[in-house]
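This report goes through a protein model from its overall make-up to a few individual residues. Please keep the sequence and the coordinates at hand while reading.

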Amino acid sequence: MKNFSILLLFLLLLSSKIDAQRTDVYIVRHAEKEIVSAMEKDPSLSEIGKKRALKLSSLFKRNKFSAVYSTSYKRTRQTVELIAKENNLPIQEYSPKDNLKLASEILNKYKGGKVLIAGHSNTIIELSEAFGVNNPLKEISDDDYGNIFHIIIKNNKVKLKNSRY
């Protein structure tokens with residue numbers, strides 16, 4: 001009976017520790033893209049965009065990420081490529097058409113970790129809201145590349161910190 005009580009106490013402590021874990025999700029828009037022609041559907045980053053991706057990498061230098069996600073476009077992949085390499089992680093592709101699926105996957109697979117997601121001006125607000133936050137931004141203009149949405153999830157509470165880089 002004593003062993004059972006100790007085991008039960010251990011399991012209770014473990015479950016409260018798991019519930020207290022903090023999960024950090026960072027959502028960014030891809031950096032500036034090359035403007036080659038209106039017909040180009042998948043441009044690479046411009047020189048300015050490459051500098052912004054390097055700045056983002058420097059900003060997150062001290063973070064140890066559990067996962068890095070990107071859409072299938074070159075510009076989103078290139079924006080987070082350095083960070084993925086620094087963390088020895090593959091870039092996982094996601095569809096911006098199913099934000100709830102992505103949020104659920106991240107919360108189940110990476111609870112207690114840090115995840116970086118690169119998206120697009122017309123998808124990252126909805127993506128942040130899929131994690132349960134009310135994003136005060138309602139629109140991101142085509143020339144705005146500097147937002148970082150930092151979503152903090154702890155004890156079933158979700159908080160959003162907006163910053164710029």
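## Terms and overall architecture

Strands, in what follows, are DSSP runs of type E with at least two residues, and they are numbered from the N terminus. The model is predicted, and its protein chain has 5 helices and 6 strands. Read along the sequence, these elements follow the pattern α-β-α-β-α-β-α-β-α-β-β.

Of the 165 residues in the protein chain, 42% count as buried, while the chain as a whole exposes about 10000 Å², of which carbon and sulfur atoms supply 54%. Among the contacts with a separation of 6 or more, 64% are accounted for by residues 24 or more positions apart.

The C-alpha atoms of Ile 152 and Phe 131, which are 21 residues apart along the chain, are separated by 9.5 Å.

Asn 155 is found in the loop between strand 5 (147-154) and strand 6 (157-164). With a relative accessible area of 43%, Asn 155 is partly exposed, and its phi is near 55 degrees, a positive value in a residue other than glycine. Most residues other than glycine have a negative phi.

## The loop between helix 2 and strand 2

Asn 63 sits in the loop between helix 2 (47-59) and strand 2 (67-70). Is Asn 63 buried or exposed? Its relative accessibility is 15%, which is under 20%, and therefore Asn 63 counts as buried. The side chain of Asn 63 makes a polar contact with the side chain of Lys 114 at 2.8 Å, and, residues up to four places away in sequence not being counted, Asn 63 touches Tyr 26, Asn 87 and Lys 114.

Ser 66 has its place in the loop between helix 2 and strand 2, but with a relative accessible area of 30% Ser 66 is partly exposed. Not counting residues up to four places away in sequence, Ser 66 touches Leu 89, Tyr 110, Gly 113 and Lys 114. Although Ser 66 and Leu 89 are 23 residues apart along the chain, their C-alpha atoms are separated by 7.8 Å.

## Asn 88 between helix 3 and strand 3

Asn 88 lies in the loop between helix 3 (74-86) and strand 3 (91-93). Although Asn 88 is not a glycine, it has a positive phi of about 55 degrees. Asn 88 counts as exposed because its relative accessibility is 70%, over the cut-off of 50%.

## The largest pocket

Rolling a probe the size of a water molecule over the atoms shows where empty space is left. In this model the largest pocket has a volume of about 260 Å³. Which residues of its lining are the closest to the centre? Of the 15 residues that line the largest pocket, they are His 30, Arg 75, His 120, Ser 121 and Asn 122.

The lining of the largest pocket divides into 4 nonpolar, 7 polar and 4 charged residues.

Key:
Residues numbered from 1 in each chain as written. Predicted model: local features only at pLDDT ≥ 70, side-chain atom pairs only at ≥ 80, totals over all residues. Heavy atoms only, no water. Helix = DSSP H or I, 4+ residues; strand = E, 2+ residues; numbered from the N terminus. Buried < 20%, exposed > 50% of the residue type's maximum accessible area, 1.4 Å probe, protein only. Contact = heavy atoms within 4.5 Å. Areas by Shrake-Rupley, 256 points an atom, 1.4 Å probe, with all protein chains shown as cover. Polar contact = N/O pair within 3.5 Å; in protein donor to acceptor, adjacent residues only side chain to side chain. 1 Å grid on protein atoms, 1.4 Å probe; cavity = no way out; pocket = protein on both sides within 12 Å on 5 of 7 lines; lining within 4 Å. Points joined across faces, edges and corners; volume = space filled by probe spheres on them. Nonpolar A, V, L, I, M, F, W, Y, C, P; charged D, E, K, R; others polar.
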